[in-house]
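Take a look at the chain below.

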Amino acid sequence: MAPIPGPRPLPVIGNLLDINISQAIASMCALSATYGPIYRLHLGGLDMVLLGSQELVDEVFSRKDFIKQPIGSLITLRALTPDGLLTAFHEQEEWGIAHRVLVSAFGPLAVQKMVPEMLDITSQLALKWARFGDTTAINLTSDFTRLTLDTISLCSMDLRFNSFYKDDLDPFVAAFMDLLETSDARDLRPGWLNYFTWTENRRFRKNMRYLHKVASDVMARRRANPTTKQDLLNTMLNGVDPVTGKHLSDSTIRDNMITFLIAGHETTSAMLSFLFYLLLTNPGPYRTLQAEIDQVLGKEPLTAEHLTRLPYAKACLKEALRLQPPIPIFGIQPVSSDPKLPVIVGKKWELKHAQPVLIMNDLLHRDPLVYGDDANEFKPERMLDENFKKLPKNCWKPFGNGTRACIGSDFALQEATLAVAVLFQKFDFKLVDPNYKLTIKENVTVKPSNLFIYAKLRPGVDATVLPGGLFSNPTEEADRPESKMDENEKSKEQQRPISIFYGSNMGTCEGLADSLALKARRQGFDSSVAPLDDAVDKITGEHAVVIITASYEGEPPDNAVKFVNWLSKSRDADAFKGTRFAVFGCGNRDWHDTFQRIPILVGSLLQKHGATAIAPTGDTDASEGNILGDFEAWQVDHFWPGIAQIYNHDIQNGVSQNGVSQTEEPWTSGAWAGEQLALSALFSAPGGQATVTEIRVLTASGERPKRHMELKLPEGTTYDVGDYLEVYPQNTRQDVDRLLGNLKTRGLEDHWSGGDADSLRFSLTSRFELNQPATAKQIETLAKSCQDEMERTRLEWLANSSAEANLASHETSYRRPSIPQILELFPSIAVPATQLLSMLPPLRPRQYSISSSPLWSASSCTITWSLITHPPIHPDIAKNPSPTLGLASSFLAGLKAGDTVDVSIRAGQARFRPPADADAAATPVIMAAAGSGIAPFRGFVQHRAEMLRRGHALAPAVMLVGCRSPEDAPYAAELAEWQAAGAVNVRYAYSRVSRPEAEAPEGGRYYVQDRVREDGDELAALWDRGARVYICGGRPVSQGLKDAVRGIYLAEAEKRGCGARTEQQVEEWLVEARRERYAVEVF
């Protein structure tokens, strides 16, 4: 055996003098030029072997006797997060449990749903740069740190650091940055020396306690205010390990919260910073990237769909990760079956059992034998799909390797792609110093140092209207709810069975399985969904079998291990004879050496043992971001045609291939209603039925009359002041009858009779939106089926984006018609009734602020609402159109005492609650509202009145109410009574009552914001006493009150000798106020 080369170590300090401590990674890479692709170092008391060639890395990664272990500075960080995914030892049970529970939270479909939140934070960065102008130097790494920290915290924990509204980075960042620097320094020193760095050790422990407290506080807030959001935090709090059946301990949850907040933002920030440097020093790729973004996005706001069409942007990111990997080193170690025996690598070097081995990504990613003589050059083309696929395996490892690879890689790449697309769409960039030479700041990760740029808005982009160009219209992209099939549902005798099995750790394949099962049932098949392990001994020729599975580094998902082992051990060549199957695989070509290994293996083994494929194996590449599109295309092009051939059945029109109509169209059975009902019920299930005990009208007259309702809550239901009541409304009988009449003319309603017809009516009444405006895409679909050319032309105009502007340009606003309205107005539409029904969105519950206090009654609550009227359809589309009443508000208005309604309680915002009982005596309250925005404040004031009645002392409370006139003032008598008791001081602003000309505000009308300005001195005095401010109303009210508050702040600053305040200073004060003391609810 050959000795492993390396510099000679000195006693005690080892090779410390061979390393530049501030540039340790660069020093290690330089040593490789002297000693070759494998060499030895002694640092920090450890004997380490470093590998830097693709040949050696591929060898150790392809073997089973090497495992990943934390090494170096990660060992020091174990004091902070002993159970974290990054720092846990390979053999720790906590790591396995956490990995299996958490991996689903970062599956491709889960990550795709985070686009709106990612766009929220990216828009904050874009607005900041736009307002800086093109002469302000931007600290790139600092701003990208803010971007990525705020993104991971919002997406994973619903936590806002609001970093773009502070001069300094959050204390959380300062604490962990100090920890990283300390860990890095300790790694390079002899271990005994670290015991004598007393000041550093005290600071390390203080920072560690602070980070633990931040994580524990977030956990406690979520438990006190639970939410149904399926984010990382809820996954950790509620998830169960499918292997052991265990939950995560609180310490493991805490450790992984910190891990994701640190690792989840630090590396992505570095990736973006390096990418911008590389683009700004390589004008060719810069221009190519911007051209791609211009072609794909144009002037449109970015959507999730755009991200699937940016291959060059993704190639740029991958190439940046190649040249400048944020994690330049990670550790593995050999594990010998006999610890006394060495492990041989390269056929000539011996490694001891558990020998620390460092993988040098900087060297691996620049191996000239892989990347050629231009390996040090920035060439994104080498990372485009076809070129990337041709690279040898294990030559690109920015996210680590094997089961210990980063589970957030999809999240990081989507976040970075989105940021690049938005920023390059809006800005042109250049370096502040054209002669800047890249310098690296090293901690556990690496980043550019002192990298400053200028950002100039591109032609046609205006900072004053930039926010509107960053967000798409959510109504155009309303998501269909995911379906979970009812496994107990009975099928009709004529339905043929399809068994769908999934292998899934991250939830993606399970979601695809549910989607396919829903479509299969709609097509008249009896479909079932189960984990792949449930298929053991259950695959027969009686059922068509569909398998949807992924690979994880070439291994099956956790719920498919038994099945793959069972299938692999089968020896009977005819074991599956007569079985018809199809396989669809999910994977990521970034791990191309094992891409689709399990789907391909399953398909080949089934065929080897006699099964017949219904369709070619389908696949999708998660790195391209088009999983759903690939799955849909495979179904249309291969799977459903294969099914049609097997069953001699035209799947799309329900007509057999011999041209004879089926006796019963599958979609027209009662099973359809049951399934659609199950689908919509999953969207949000009510908590129970409340009984109406009182309804009364609050206003004398007006365009939007306001009402009050008291309800007896379902048994066992509780609420807190500031919570919401979710109401599940029903469509009117008139609307349902009109739709059923239309369906009857299209051949569906006749197939329903008896209980089935009742099920259809029930579904249309209680589970589907009948009056929601149709989307442009839906109208396009309907237009294509129009038999009348004039009708088709009108529908095409309506679907066109220019029509939207036309509808909004009139003095009277109009809106698009709903699906049922379109059916009435365009009778030549020839779309099958079943397809029309599938367009109806599930009925969403409506959320109302509870306007009472549980101290008044723990078992009853009240709500306050306005009767809503929507704009009519445009007269060019419908003659004499009439306005449409709001579904929920008119439904509630039609109820009477004794009626029941489906409801559930939803927790309110933690900040939008009155001060806790312990603080109520010292914390004044300021409330401002207009119209039905008074609802939560009635609850606040009632709560205060009840506290006073029970002997509590209270700080002052002021409520400013905007309404039309004294006759329209809601709850005037009750509020007067509570005011007399000392619970509140009510002040009104009447917009329709004339005032003396000298007192009339600009514009003539007197609104609640005018009253706020008028009482500014008194309100400022309450603010000085620590008052909390609450605002509730529509957007105009919220904005008007915000402007009034800004005005008071400016006036007070001048009065107190603080000098003039800039717009930025005012905005920063307001942002800081909103963190704790200024809460807004907009409806």
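This is a predicted model: local features need pLDDT of at least 70, side-chain atom pairs count only at pLDDT 80 or more; totals for chains, interfaces and linings use all residues.

Helix H12 covers residues 283-297, and helix H14 covers residues 311-323. The two pack at an angle of about 140°. Their axes are 8 Å apart.

Now turn to charge. Side chains of opposite charge can pair when their charged atoms come close. The structure holds 51 salt bridges. One of them joins Asp158 and Lys229, with the closest N and O atoms 3.7 Å apart. What does this pair tie together? Asp158 sits in the loop between helix H7 (140-157) and helix H8 (171-188), while Lys229 sits in the loop between H9 and helix H10 (232-238), so the bridge links parts that are 71 residues apart in sequence. Asp158 is partly exposed, with a relative accessible area of 46%. Lys229 also counts as partly exposed, at 25% relative accessibility.

Next comes a salt bridge between the side chains of Asp250 and Arg223, at 2.8 Å from N to O. Asp250 belongs to helix H11 (residues 250-280) and Arg223 to helix H9, so this pair ties together parts 27 residues apart in sequence. Asp250 is partly exposed, at 41% relative accessibility. Arg223 is partly exposed too, at 44%.

Arg309 and Glu305 give another example. Their side chains meet in a salt bridge of 2.7 Å, N to O. Arg309 has 36% relative accessibility and counts as partly exposed. Glu305 is partly exposed as well, at 41%. Some salt bridges share partners: Glu319, Arg322, Asp374, Glu377, Lys379 and Arg382 are joined this way into one network.

The surface has nonpolar ground too. Val12, Trp192, Leu193, Tyr195, Phe196 and Trp198 make a nonpolar surface patch of about 740 Å². Is Trp198 buried or exposed? Trp198 has a relative accessible area of 56%, so this residue counts as exposed. Trp198 lies in helix H9, which spans residues 198-224.

Finally, step back to the whole chain. The chain has 37 helices and 33 strands. Of its 1083 residues, 55% count as buried. The accessible surface comes to about 47000 Å², and 51% of that belongs to carbon and sulfur atoms. What about contacts along the sequence? Among those between residues at least 6 apart, 77% join residues at least 24 apart.

Notes:
Residues are numbered from 1 along each chain as its sequence is written. Side-chain values use heavy atoms; hydrogens and water are left out. Patches are made of residues with over 30% relative accessible area and no salt bridge: like charges are joined within 9 Å, nonpolar side chains (Val, Leu, Ile, Met, Phe, Trp, Tyr) within 5 Å. Accessible areas come from the Shrake-Rupley method with a 1.4 Å probe; for residues, only the protein chains shown count as cover. A salt bridge is a side-chain nitrogen of Lys or Arg within 4 Å of a carboxyl oxygen of Asp or Glu. Helices (H or I, at least four residues) and strands (E, at least two) are DSSP runs, numbered from the N terminus. Buried means under 20% relative accessible area, exposed over 50%, partly exposed in between (1.4 Å probe, protein chains only). Axes are lines fitted to C-alpha atoms, for helices over the stretch in contact, and angles run from 0 to 180 degrees between N-to-C directions. Contact means heavy atoms within 4.5 Å.
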